[in-house]
Amino acid sequence: MHKAGFVNIFGKPNAGKSTLLNALIGEKLAIISPKVQTTRHRITGIVTAPEYQIVFSDTPGIIDPKYKLHEKMMGAVKSALEDADVALLIMDVKDNVAENLELFDSLKLKASCILVLNKMDVLEKEPLAAVQAQCEAWGKAKVVTIAAVQKKGISELLNQIVALLPESEPFYPEDTLTDKSTRFFVGEMIREKIFQLFQEEIPYHTTVVVTQYQEKQTLVKITAEIVVTRETQKAIILGEKGKSIRQIGTLARQDIEKFIGQKVFLELFVKVRSKWRDNETFLREYGY
């Protein structure tokens with residue numbers, strides 16, 4: 001009996017969805033940042049074992065949309081709600097429990113649910129037990145506690161997921177890790193560095209477009225544009241005498257080389273596109 005299904009991860013911004021996806025897959029597919037709203041796309045990671053195949057999806061944090069970009073992000077959440085066989089509802093154990101449960105109720109999920117209490121390592125035994133009891137009293141999902149960063153509780157969570165999967169043949173060949181292109185992940189790795197290096201609004205006004213990905217004999221030549229909304233942001237990204245953009249490039253190149261297993265020549269440019277987050281044409285061009 002072979003099992004296979006779509007297991008989609010939902011939660012508020014910064015609950016640890018991307019960290020959980022990476023822990024379940026055993027690879028870094030989703031970019032990580034302590035800042036909220038880092039994930040903008042639905043990112044798929046596939047785990048294949050002899051008895052099962054799980055197609056995981058990390059989704060953007062659930063927010064009230066303020067731009068067309070946000071609407072696209074919430075569109076990714078909506079599609080994930082519709083095709084989930086199993087829903088992982090993840091919350092930070094230190095967050096407001098009632099608020100999270102209300103949010104999960106509002107999703108009106110028809111799929112089997114597992115309520116994942118993340119960051120269990122930050123609470124003492126008794127407060128953690130109280131949160132767990134409150135979630136179990138909700139009665140709409142199995143409750144599992146994990147610490148995604150330390151990968152604690154991940155194998156138990158995986159067992160719970162497999163138990164809920166429908167019988168099915170695999171959807172993808174066994175060596176498939178994701179349905180996204182290498183170009184997509186290259187752009188995400190560059191964007192992650194912008195989240196790491198810059199404060200305030202800069203990361204939220206920025207997107208990355210990979211304009212060239214060329215495999216040469218000895219290395220891969222990559223050109224990418226960092227798109228911002230204002231000239232002042234362009235100056236900040238470039239930095240004094242190009243110092244900041246060089247730093248982005250160095251850090252991103254190291255990650256990209258690790259990801260693709262080849263030497264990389266990475267060239268970055270900055271382009272100003274006013275109000276791109278509210279422009280349908282730009283959003284389509286940038287892959288949203």
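This is a predicted model: local features need pLDDT of at least 70, side-chain atom pairs count only at pLDDT 80 or more; totals for chains, interfaces and linings use all residues.
Colour F184, F185, V186, G187, E188, M189, I190, R191, E192, K193, I194 and F195 to see the buried ones. What covers them? Select strand 2 (43-48), strand 7 (207-215), strand 8 (220-228), helix 7 (231-238), helix 8 (243-260) and strand 9 (264-272), which are included in the cover.

Helix 7 and helix 8 pack at an angle of about 65 degrees, and their axes are 4 Å apart. Pick I236, I237 and L238 in helix 7, then find K243, S244, I245 and I248 in helix 8, which they meet. The residues of this contact comprise five nonpolar, one polar and one charged.

Next, look inside. The largest nonpolar core has 56 residues, and L20, F56, L88 and I190 have the most contacts within it. Helix 6 supplies the largest share of this core, six residues.

Which residues does L20 touch, leaving aside those up to four places away in sequence? Click on I9, L88, I90, V116, I146, A148, I154 and L157 to find them.

For your last stop, select L69, M91, L117 and V131: they are among the 32 residues of another core, which lies apart from the largest one.

How values were computed:
Residues are numbered from 1 along each chain as its sequence is written. Side-chain values use heavy atoms; hydrogens and water are left out. Buried means under 20% relative accessible area, exposed over 50%, partly exposed in between (1.4 Å probe, protein chains only). Helices (H or I, at least four residues) and strands (E, at least two) are DSSP runs, numbered from the N terminus. Contact means heavy atoms within 4.5 Å. Axes are lines fitted to C-alpha atoms, for helices over the stretch in contact, and angles run from 0 to 180 degrees between N-to-C directions. Ala, Val, Leu, Ile, Met, Phe, Trp, Tyr, Cys and Pro count as nonpolar, Asp, Glu, Lys and Arg as charged, and the others, Gly among them, as polar. A nonpolar core is a set of buried Ala, Val, Leu, Ile, Met, Phe, Trp, Tyr and Cys residues joined through side-chain atoms within 4.5 Å.
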